Amino acid sequence: MKNTLNFSNAVKAAAACAICAAACLFVGWLSALFQGESLSQWYPLIKKPSFTPPNMVFPVAWCILYVLAGISAGLVLASPKEGKTAPILIFCAQLFANFLWSVLFFGMRNPAAGLADSIVLLILAALYAKSAWNFSKTAAILFVPYVLWCAFATILNLWIVFLN
């Protein structure tokens with residue numbers, strides 16, 4: 001009987017991870033809709049620091065990070081511990097901030113507003129990783145690359161503001 005319960009829990013955890021990863025990828029796809037013409041007509045013309053990755057790196061990196069983030073959120077949701085509401089709300093808030101960045105930076109062509117949002121996103125991402133640790137160490141570790149990429153993106157955004 002115990003093996004059946006463990007298998008059932010594993011299936012529920014896998015489903016939670018898959019649903020959360022799909023939701024993160026969907027948010028990423030939605031945010032890409034706001035990039036539109038700005039990505040091809042405005043972004044190439046603004047000054048960027050020398051450490052700016054090639055444009056192709058961003059969608060690949062974000063796809064990987066969204067999947068890892070979704071798995072992380074799924075593991076927190078699947079945790080048997082009580083009190084998951086706070087980390088999940090923080091996760092949702094950081095995902096919204098992530099979406100909003102594309103609207104501000106590309107949609108409105110406003111790097112300064114994007115920077116303000118990026119700082120909020122970085123804080124929320126770090127808070128989520130810290131709170132996820134209490135529910136699943138694996139969830140927190142899976143989210144570390146996301147936090148690091150957000151830190152890099154914030155620095156990149158800061159330089160774009162300074163250069164323009």
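Which residues have the most contacts inside the largest nonpolar core? In this predicted model, local features need pLDDT of at least 70 and side-chain atom pairs count only at pLDDT 80 or more, while totals for chains, interfaces and linings use all residues. Residues are numbered from 1 along each chain as its sequence is written, and side-chain values use heavy atoms, with hydrogens and water left out.

The answer is Tyr43, Phe91, Phe143 and Tyr146, within a core of 38 residues. Such a core is a set of buried Ala, Val, Leu, Ile, Met, Phe, Trp, Tyr and Cys residues joined through side-chain atoms within 4.5 Å; buried means under 20% relative accessible area, exposed over 50%, and partly exposed in between (1.4 Å probe, protein chains only). At least two core residues each come from helix 1 (2-33), helix 3, helix 4 (85-107), helix 5 (111-133) and helix 6 (137-163), and helix 6 gives the largest share, nine residues. Helices here are DSSP runs (H or I, at least four residues), numbered from the N terminus. Beyond its neighbours within four places in sequence, Tyr43 is in contact (heavy atoms within 4.5 Å) with residues including Phe58, Phe105, Phe106 and Ile160.

Helix 3 can be checked by its length. Among the buried residues of helix 3 are Phe58, Trp62, Leu65 and Tyr66.

Ser118 lies in helix 5 and counts as buried because its relative accessibility is 4%. Leu158, in helix 6, is partly exposed because its value is 32%.
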